Amino acid sequence: MEINFETLRGDVERALAEAMDIPSLEALRVRMLGKKGEITQLLKTLGTLAPDERRVFGQKVNDFRRVFEQGITEAREFLQFKQQSQAIEKETIDVTLPGRRRAIGRRHPIASVQDKLTDLFIGLGFTVAEGPHIESEYYNFEALNTPADHPSRDEQDTLYITDRIVLRTQTSPVQVRTMESMKPPIRIVAPGKVFRADEIDATHTPVFHQIEGLVIDKGITLGDLKGIQELAARHLFGENTKIRFRPSYFPFTEPSAEVDVTCHACGGNVPPEGCRVCKDSGWVELWGCGMVHPRVLEMSGIDPKVYSGYAFGMGIDRITSSLFGITDPRNYFENDMNFLAN
Ligand code: DAH
């Protein structure tokens, strides 16, 4: 039998070099050494040969088989090594990659303004008082000099739970609760949610936030009140902020005032093209205050002949809108991350 071992060897070497992975290497091994493999076939023919031929041919086939097996072993080792190093490369941790950022929450704008104000007052010697959201008519209205037939009750669209129980429409009931439980001198602020049956629109939400202040001591005057209001305005809007008191009416204070603050957009100097924030007035109306009405003191067991005091009630939502230029308070309640994160 004439076999050109040179050609065969060339073929096999090429096939070995072309085997790019273990399965194709295994296929090649079966092709040559399997039951019907080419080398197996050659070995089977040995029996049909004359002894002389058998020796020479047998040796050639066996040499070839040894070379082939050696080639398979080397190729397998090489492919395994290649596979391993590829896997290692893939698993390598690139320590120079920047870490994955976690989205960190931040204070809600209303909470941050509430904290900013509360911190100021704590620094001035006030303590923080709290009251319930579900409040009696007595604390929310009557004890604040607002009897049932009082016209100002109509102005606050109250959410009733029962005949006599309401969702507090203001933080002012905390004034009464504090006067009942503490003796003067009293210096408290009470931040929190308040509720009114308002339709949601660009200036109203049924839930909003106030911070109430109450100071009662001997000899407290309107001057003390104004000084503190000015301090709060500067703390919020900057050192150059001025305030003015405009006469107003609240049932539980006498006299009462609206606090206007110089417009932080135009600084109170309305430019020729006008100012949207203050509607060209140079002032922004921000909150109410006044000297505590003697009747309110009396009802809570404090002698108005001995003590006087002032109170104020700031709308935190409105202040926050002014500070951040927010035009729609619905944003505060919609959990929109674009709004909250910016
Ligand atoms: N409670 C008032 C409101 O909700 C705000 C207010 C005004 C509170 C004057 C006060 C005050 O303590 O003195 O409209």
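Q: Which is T178, buried or exposed?
A: The relative accessibility of T178 comes to 5%. The cut-offs, with a 1.4 Å probe and protein chains only, are under 20% relative accessible area for buried, over 50% for exposed, and partly exposed in between. At 5%, therefore, T178 counts as buried.

Q: What kind of model is this, and what pLDDT do side-chain atom pairs need?
A: It's a predicted model, where local features need pLDDT of at least 70, totals for chains, interfaces and linings use all residues, and side-chain atom pairs need 80 or more. Residues are numbered from 1 along each chain as its sequence is written, and side-chain values use heavy atoms, leaving out hydrogens and water, with that pLDDT cut-off for pairs at 80 or more.

Q: How far apart are the C-alpha centres of domain 1 and domain 2?
A: Domain 1 covers 5-90 and domain 2 covers 109-341, with bounds from an automatic or database domain assignment. Their C-alpha centres are separated by 93 Å.

Q: How much of the ligand's exposed area does the protein bury?
A: A polar side-chain atom of Q210 is 2.9 Å from a ligand oxygen, one of E212 is 2.6 Å from a ligand oxygen, and a polar backbone atom of F312 is 3.3 Å from a ligand oxygen. Alone, the ligand exposes 350 Å² (Shrake-Rupley, 1.4 Å probe). The share of that buried by the protein is 91%.

Q: Where is I243, and how far is I243 from K226 in space?
A: I243 is in strand β6, residues 243-250, and is buried at 8% relative accessible area. Beyond four places in sequence, the residues I243 touches are K226, Q229, E230, A233, V259, D260, V261 and W283. I243 and K226 are 17 residues apart in sequence, and from C-alpha to C-alpha the gap in space is 8.7 Å.

Q: What is omega for the cis peptide bond that joins E254 and P255?
A: Another cis bond runs from P184 to P185, with omega near 5°, and P185 lies in the loop between α8 and β4 (186-195). P255 belongs to strand β7, residues 253-262. For the bond joining E254 and P255, omega is about -5°.

Q: Where does K279 lie, and is K279 buried or exposed?
A: N145 has phi near 65°, positive for a residue other than glycine, and lies in the loop between α6 (137-140) and α7 (152-155). N145 is buried, with a relative accessible area of 10%. K279 also isn't glycine and has a positive phi, near 50°. Its place is the loop between β7 and β8, and with a relative accessible area of 73%, K279 is exposed.

Conventions: Helices (H or I, at least four residues) and strands (E, at least two) are DSSP runs, numbered from the N terminus. Contact means heavy atoms within 4.5 Å. A polar contact is a pair of N or O atoms within 3.5 Å; within protein, one must be able to donate a hydrogen and the other to accept it, and residues adjacent in sequence count only if both atoms are side-chain atoms.
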